[in-house]
Amino acid sequence: MTHATWSKSAGLTVLEPLRDEPGPVLIALQALQEEFGYIPAEAIALVATFFNVSRADVHGVFTYYEDLRSTPPLANEIHICVAEACQAVGSRNLEQAVKTTYGEQVRDVFCFGNCALGPTVMVNGVLIGRATPAKIAAAIK
Amino acid sequence: MIATKVYVPGDSAAVSVGADEVALEIAKLAKAANIEIEIIRNGTRGALWLEPLVEVQIAEKRIGYGPVKVEDVEGLFEEHFLQGASHPLSINSVDELPWFAEQDRVTFKRVGLNDPLSMSEYEAHGGLNGLRRALKMSSDEIAAEILESGLRGRGGAGFPAGIKWKTVQDTQSDIKYLCCNADEGDSGTFADRILIEGDPFTLIEGMVIAAIAVGATKGIVYVRSEYPAAIAKLKAAIAIADEYGLLGKSVLGSHFEFTLKVRSGAGSYVCGEETAMLESIEGKRGVVRSKPPLPAISGLFGKPTVINNVLTFSSVPAIISEGASSYKSRGVGRSLGTQVFQLGGNVKRGGIVETGFGITLHDLVSGFGGGTLSGKPVKAVQIGGPLGAYFPTQSFDLSMDYESLLAAGGMLGHGGVVVFDTEVDLAIQAKFAMEFCAIESCGKCTPCRLGSTRGAETIQEIIDGRNVSANKKLLLDLCEVMTDGSLCAMGGLTPMPVKSAMINFPSDFEDRLAAKT
Ligand SMILES: Cc1cc2nc3c(=O)[nH]c(=O)nc-3n(C[C@H](O)[C@H](O)[C@H](O)COP(=O)(O)O)c2cc1C
Ligand code: SF4
C-alpha cells in the first residue's frame with residue numbers, strides 16, 4: 001500500500017466529498033488515514049474547522065478507535081490475532097515469537113473471522129491462516 | 001465443447017491458506033495442456049477444514065478435492081481431476097459428503113455455491129423469490145410472517161425480529177433507518193463474513209424486505225474493519241444491486257425506495273453493541289447509550305431504526321419465500337428455525353454448520369467437528385464468544401438452543417463454538433476474559449472499566465498461589481458487582497466466562513503452590 005504525502009491542501013481534497021455527510025468525523029478520519037497512512041496532528045485541526053466541530057471532539061473520536069494512528073505506517077505491519085479461537089491453536093506462543101522477531105511492527109488484533117484456520121496473522125494487509133513463523137517471514141517485505 | 005467449470009473459493013479464509021495460488025496454478029497448467037476451463041471464484045461453502053476446496057463440475061455433480069496445496073495441482077492434472085477422477089484428495093460429490101448432507105442449510109442455502117457477484121446465478125438459485133413475494137404482501141403481513149416464523153436476533157440477544165420490526169413500523173417518522181450489524185466481534189464467529197463474501201445479495205434482499213415492512217428508505221451495513229474483503233465484496237454487490245434496480249428509487253419497479261451504504265468499523269469490540277454502533281455511525285466515540293429510548297423508536301440520528309445482525313436479515317428471504325411454517329418446523333421450544341453454528345479453535349473439521357436448533361454439543365463438536373485438531377482430548381468448549389461460558393465435556397449432551405444454554409449458565413450468542421484441548425488452562429482463559437473487558441470497555445460504567453482490571457489482577461494472584469481462597473471469594477464478589485452495575489453486556493457478561501471456568505474447571509483454580517508442596 002502506498003500512501004500520499006500529507007499536506008493541508010491534499011487533506012482538503014479528501015474532505016471535500018464528505019462535506020454533506022451526516023456525522024462525518026469518523027469517516028473523515030478514516031478517509032484521511034486511508035489516503036495518508038496516518039492522521040497527523042494538523043489533520044485533526046483541519047477536520048475540526050472543516051466540519052465546524054470542536055477540536056476536542058475530533059481528538060476524542062481519534063483516540064477512541066484502535067485503528068486510527070498518529071504516526072506513519074512502518075515498513076511492515078503485522079497484525080496478530082490474540083483472541084480465544086487462535087489461543088486454542090497456540091497463538092500465545094506464536095505471538096511471543098513474532099514479537100521477539102518483529103517488535104514494534106506487531107499489533108494485537110481481536111479476531112479476523114478466520115477462527116477455523118488459526119492462528120491467523122495479517123502481514124501488510126495479507127491474511128495468513130495456520131500461521132507459522134516461516135509463513136510470516138515469507139510475507140515480510 | 002463447453003469449458004469445464006472449476007470452482008476455487010475466493011473467500012478470505014480460503015485465500016489465507018493459499019486458494020489464490022492454487023487458482024493461478026490450475027489456470028497455468030490448464031493453459032499449458034491446452035485444456036479449456038472456466039475458473040469460478042466462488043465463496044467458501046463453509047467446510048474450512050477442506051480449504052482450499054477445489055470443485056469440478058461433472059454433469060450435475062460437483063466433485064471436490066481438498067485441501068489442495070499448490071504442490072498438489074500438478075498431480076491432480078496427472079490423475080485427470082478435470083474428469084472427476086479419484087485422487088487421495090478427492091472427496092467425491094461434495095453435496096453427498098456427510099458433513100454437508102447432514103446439515104440443513106436455509107440461510108446458507110446459496111453461500112459459496114457460485115460467483116457471489118453474479119445476479120443471474122443468484123436468481124437461478126431462488127434469489128429474489130422472497131422479495132417478489134414480499135412485494136405482493138402488505139407491510140403488516142410481512143412483519144407478521146417474520147413474527148410467526150419465530151425468527152430471533154442472531155447477533156446475541158435473541159430478541160424476536162418480528163416484534164422489533166413492528167415497533168419501527170408503528171412509529172411515525174419522516175425517515176426511518178435500517179442498520180445491519182456486521183461488526184462480528186466475537187472470536188470464533190465468522191458466519192457474517194462468509195455470508196457477505198459468499199452470497200451478499202441474500203443480505204441485501206433481506207434488508208430490502210425489512211425496509212418495505214417497516215417503511216425505511218435508508219440502510220447502513222456496519223462492517224468491522226478487520227474484514228476488508230467483505231467490505232469490498234459488499235460494496236461491489238451494492239453497486240450491482242443499484243444497477244439492477246434491486247436498490248434505489250424504485251425497488252424492482254415498485255414504489256418502494258431503499259438505498260444502502262457500507263460503513264467500516266475502526267477496531268472497537270464494543271461498537272458491536274447496537275447503540276455504540278449507532279454512535280460510531282454518527283461519527284462519535286463508540287460509547288454505549290442508555291436505554292430507553294429503544295433504537296426502534298429513537299435510533300440513528302434520533303430516528304426509528306431497525307438494527308439486526310447479518311444472519312437475521314439474511315434469514316428473511318428464505319422465510320418469506322418458503323413461508324413461516326416451513327421455517328418454524330425446524331428447531332425446538334422457543335428456538336425455532338436453523339442456527340448457523342461456527343466451529344473454530346482447536347477443531348479438526350471447523351467451519352459453518354447450519355442445522356435446526358437442538359443439536360447436541362456432542363454432535364456439533366465430536367460429530368461435525370471430529371474432535372480436536374491436535375488429536376488430544378477436548379477439555380473445554382467456549383460457546384457464544386468472549387462473553388460466553390466455558391463448558392466441559394460433561395456438558396456434551398447439552399441441547400444447543402437459547403433456553404437450554406441459558407439454563408446451563410451460558411448463552412448462544414452469535415453461535416460461535418470454540419474448542420480447546422487439554423493444553424488449555426481455564427484460569428488463564430478467565431484472566432483473558434477480564435483483560436479483554438478492560439481493553440474494550442467503552443468506559444461508561446466503573447464496574448466494567450475498573451472492575452475488569454481488578455479482576456485480571458485477582459486471577460493472577462490465584463494463578464500465583466497467593467491467598468487463593470480469599471481471592472476466589474473476592475473474584476466472585478467482583479463478578480457480582482460487574483453483573484449488577486454494568487449498563488451493557490460487555491461488563492455485565494464478562495463474569496460469564498470467568499464464573500463458568502471456576503465452576504466447571506475447579507482444579508484450574510486450586511492453590512498451585514499448595515499443590516506443589
Ligand atoms: C459488547 C457487545 C458486542 C456486541 N457485538 C455484536 C456484534 O458484533 N454483532 C451483532 O450482530 N450483535 C452484537 N451485539 C448485540 C447487539 O447489541 C444487538 O443486540 C444486535 O445487533 C441486534 O440484532 P439481532 O436482534 O438481529 O441480533 C453486541 C452486544 C454487546 C453488548
Ligand atoms: S458495561 Fe462496559 S462497555 Fe457496557 S456501557 Fe458500561 S462501560 Fe461501556
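Is Gln342(B) buried or exposed, and why?

Tutor: Keep in mind that this is a predicted model. Gln342(B) counts as buried because its relative accessibility is 0%. You'll find Gln342(B) in strand β12 of chain B, which covers residues 338-345. Its side chain has a polar atom sitting 2.9 Å from the backbone oxygen of Val340(B). Once you set aside the neighbours within four places in sequence, the contacts of Gln342(B) include Glu184(B), Gly188(B), Thr189(B), Phe190(B) and Ala191(B). Gly351(B) and Ile352(B) are also in contact with Gln342(B), and so are His414(B), Gly415(B), Gly416(B) and Val417(B).

Arg45(B) belongs to the loop between β2 (37-40) and β3 (54-58) of chain B. The side chain of Arg45(B) makes a polar contact of 2.6 Å with the side chain of Glu55(B), and a polar contact of 2.7 Å joins it to the side chain of Asp95(B). Beyond four places in sequence, Arg45(B) also touches other residues, among them Glu51(B), Arg62(B), Val94(B), Phe100(B) and Arg105(B).

Over in chain A, have a look at Val58(A) in helix α4, residues 55-64. Val58(A) counts as buried because its relative accessibility is 0%. Not counting residues up to four places away in sequence, Val58(A) touches Val25(A), Leu29(A), Ile44(A), Val47(A), Ala48(A) and Val53(A). As for Pro40(A), it is 18 residues from Val58(A) in sequence, with 12 Å between the two C-alpha atoms.

Now the aromatic rings. The structure holds 16 aromatic pairs over all chains. One of them is the tilted pair of Phe110(A) and Phe432(B), at 6.1 Å centre to centre with 50° between the planes. This pair crosses between chains: Phe110(A) is in the loop between β2 (106-109) and β3 (121-123) of chain A, while Phe432(B) is in helix α17 (residues 426-440) of chain B. Both Phe110(A) and Phe432(B) are buried. Tyr177(B) and Phe301(B) form another tilted pair, with 6.3 Å between centres and 55° between planes. That one links distant parts of the chain, 124 residues apart: Tyr177(B) is in strand β6 (residues 177-182), and Phe301(B) is in the loop between α12 (274-281) and β9 of chain B. Tyr177(B) counts as buried because its relative accessibility is 11%, whereas Phe301(B), at 32%, is partly exposed. Back at the chain crossing, ring pairs link Phe110(A), Tyr269(B), Phe432(B) and Phe436(B) into a cluster.

Last stop, ligand 1. Of the 19 residues around ligand 1, the nearest are Gly155(B), Asn181(B), Asn308(B), Asn309(B) and Thr312(B). A backbone N or O atom of Gly155(B) is 2.7 Å from an oxygen atom of ligand 1. The side chain of Lys164(B) places an N or O atom 3.1 Å from an oxygen atom of ligand 1, and a polar backbone atom of Gly272(B) lies 3.2 Å from a nitrogen atom of ligand 1. Taken alone, ligand 1 exposes 610 Å², and the protein buries 92% of that. The elements giving two or more residues to the shell are β9 (305-309) and α21 (489-493) of chain B, with the largest share, three residues, coming from β9(B). By type, the shell residues divide into four nonpolar, nine polar and six charged.

How values were computed: Residues numbered from 1 in each chain as written. Chains lettered and ligands numbered in written order. Predicted model: local features only at pLDDT ≥ 70, side-chain atom pairs only at ≥ 80, totals over all residues. Heavy atoms only, no water. Helix = DSSP H or I, 4+ residues; strand = E, 2+ residues; numbered from the N terminus. Buried < 20%, exposed > 50% of the residue type's maximum accessible area, 1.4 Å probe, protein only. Contact = heavy atoms within 4.5 Å. Near = heavy atom within 4 Å. Polar contact = N/O pair within 3.5 Å; in protein donor to acceptor, adjacent residues only side chain to side chain. Areas by Shrake-Rupley, 256 points an atom, 1.4 Å probe, with all protein chains shown as cover. Nonpolar A, V, L, I, M, F, W, Y, C, P; charged D, E, K, R; others polar. Phe/Tyr/Trp six-rings, centres within 6.5 Å; stacked < 30°, edge-to-face > 60°.
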